[in-house]
Amino acid sequence: MAAPNIDTIVSLAKRRGFVFPSSDIYGGLGSSWDYGPLGVELCNNVKQSWWRWLVYERDDIEGIDSSIILNRMVWKYSGHEDTFHDPLVDCRECKSRLRADKLQVSSGETVTAGADVAAMIRQKQVKCPNCGSTDLTDPRPFNMMFRTTLGAVADEDDPTALAYLRPETAQGIFINFVNVQTAMRRKIPFGIAQIGKSFRNEITPGNFILRTREFEQMEMEYFVHPDVEHLQLVDEWVEQYVEWFTTLGLERVNLRLREVPPEELAHYSKRTVDIMYRYFPERAEEERQWEELMGIAYRTDFDLRSHSNKPVDDEGKRINPDSTEDLSYFDEATKQRFYPHVIEPAAGVNRTVLAVLMDAYSEKKNDKGETRVILKLRPRLAPIKAAILPLAKNKPEIVGMAKAIKRSLQPVLRAVYDDTGGIGKLYARQDEIGTPFCVTVDHQSLEDEAVTVRDRDTWEQERVKVADLAEHLQMRLKE
Ligand code: ATP
């Protein structure tokens, strides 16, 4: 079973310290969220899992960490200044600001891709989702990049000081292509991976951590020869990511592929396939249950070429007079120089975390018929791997032994000590946050140097010698 809806996860996440509404004491800040003690661990475990999978386990990918604020020229030549727009519509009735391509037709469905929304608005075929009015303005482009100014400028609008917070991590990779390739002596095909925050001034953020203005991406640019079968490579990466998501615990039935139609493709893309997750299982209409988890795009040589100083237009004029570098690649084998083409799998940390939480959610009845929540996270993603619990907290020997076990486990796995309730309550709390094992120290432990290890999913218990505990848990955590 998975969570019945996102709201179930919102309340669990707040109650148990995964995710809190940000700036709550000042009334919040338009769908911003803060990650609590367990949320930060879960995010880190997802990111580590991705990094290990791509950068460590493969031989053809390097990692980098580029700046969030880049020279403004990066965004000029990447095309973001001119084209990174969403269509904005105002409701004249309730003054809501809406995304034209996400509006609902009067019959209830979302506007279909490529539809002439302006005409539909004029014909009163679409309505405001907040007040139902059909009195909407024509759509106009709204650039989603956050602006800032660099240095001690006198004038906020000084164009020489204008800078942006990056709306994607990818450009930091492209501008470092030659640096990485030469420093690491790489031959294509090879990839560069990066994890980091991105910022988009979304018109309508919402649905918890699904769409926020500040979020984290895990992007990888895979550089290949211009002559390979790019469209087929997209399929290969889609397959590998679907496989990776299932290793994170996502059920295949909750994942779906979507070939992005040509009219929706980003300016740099020749083909994009989105991997969608069933974030809205409660919606009756199957088509409306899905939202993008990640996208895999074939970006051609668009970015490397447009950041390079060599290419010229039909009249022989340099297309990019601001760049000082040529980001081409020399192929020793064929003695050819060219701009490598790029396949880009771009995933979101936050959307992955939400999918992982939703898929891990389950409920089970105990002996008394009470419903218990169990978060069946894959052990390597669980924020806490083992909770060490004393059966009697007023017995100093038992407490001492439990704390010593916690300390001895800490160097090999994340363990916590907890004595803030009766054992039933402590078990329930650990089940709800996805801790795979509870280790209970009881009176008998003082005699036989053994403890009880309880499994989160089966609630079965077994007796394990303290001397063998670390190895026992490590082995089972690999399952
Ligand atoms: P959408 O169509 O949902 O706005 P997108 O197609 O613009 O997303 P990409 O540019 O492909 O998104 O970004 C890659 C990934 O980054 C997305 O698949 C998603 O996981 C994540 N992402 C993008 N925008 C946001 C956001 N506002 N909040 C959270 N994650 C995001």
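**View 1. A hairpin turns between strands S19 and S20.** In this hairpin, 5 residues sit between the strands, and Gly369 takes a positive phi near 80 degrees. Strand S19 covers residues 361-365, and strand S20 covers residues 371-375. The two run antiparallel and are joined by 5 bridges. Ser362 has Ile374 in S20 as its bridge partner. Strands (E, at least two residues) and helices (H or I, at least four residues) are DSSP runs, numbered from the N terminus. Two strands pair if DSSP finds at least two bridges between them. Strands of a sheet pair through backbone hydrogen bonds, either parallel or antiparallel.

The model is predicted: local features need pLDDT of at least 70, side-chain atom pairs count only at pLDDT 80 or more, and totals for chains, interfaces and linings use all residues. Residues are numbered from 1 along each chain as its sequence is written, and side-chain values use heavy atoms, with hydrogens and water left out.

**View 2. A shell of 15 residues surrounds the ligand.** The closest are Glu202, Arg211, Thr212, Glu292 and Leu293. By type, the shell divides into 6 nonpolar, 4 polar and 5 charged residues. Here Ala, Val, Leu, Ile, Met, Phe, Trp, Tyr, Cys and Pro count as nonpolar, Asp, Glu, Lys and Arg as charged, and the others, Gly among them, as polar. Strands S12 (214-224), S15 (291-300) and S18 (341-348) each supply at least two residues of the shell. The largest share, 4 residues, comes from S15.

**View 3. Five strands form an open sheet with mixed pairing.** Their order is S22-S21-S23-S24-S25. Strands S22 (415-417) and S25 (461-465) are the edges, each pairing on one side only. Neighbouring strands are turned by 30 degrees against each other on average, direction ignored. Strands S23 (437-441) and S24 (450-455) pair in the antiparallel sense over 4 bridges. Phe437 stands opposite Asp455 in S24. Helix H14 (469-477) lies across S21 (386-390), S23, S24 and S25. Contact means heavy atoms within 4.5 Å. The helix runs at about 15 degrees to S24. Axes are lines fitted to C-alpha atoms, for helices over the stretch in contact, and angles run from 0 to 180 degrees between N-to-C directions.

**View 4. Three strands form an open antiparallel sheet.** The order is S5-S4-S8. Strands S5 (97-99) and S8 (140-143) are the edges, and each pairs on one side only. Neighbouring strands are turned by 50 degrees against each other on average, direction ignored. Strand S4 (85-90) pairs with S8 in the antiparallel sense over 4 bridges. Asp86 stands opposite Phe142 in S8.

**View 5. A cis peptide bond joins Ile188 and Pro189.** Its omega is about 0 degrees. Pro189 sits in the loop between helix H7 (177-183) and strand S11 (190-199).

How values were computed. A residue is near a molecule or strand if one of its heavy atoms lies within 4 Å of it.
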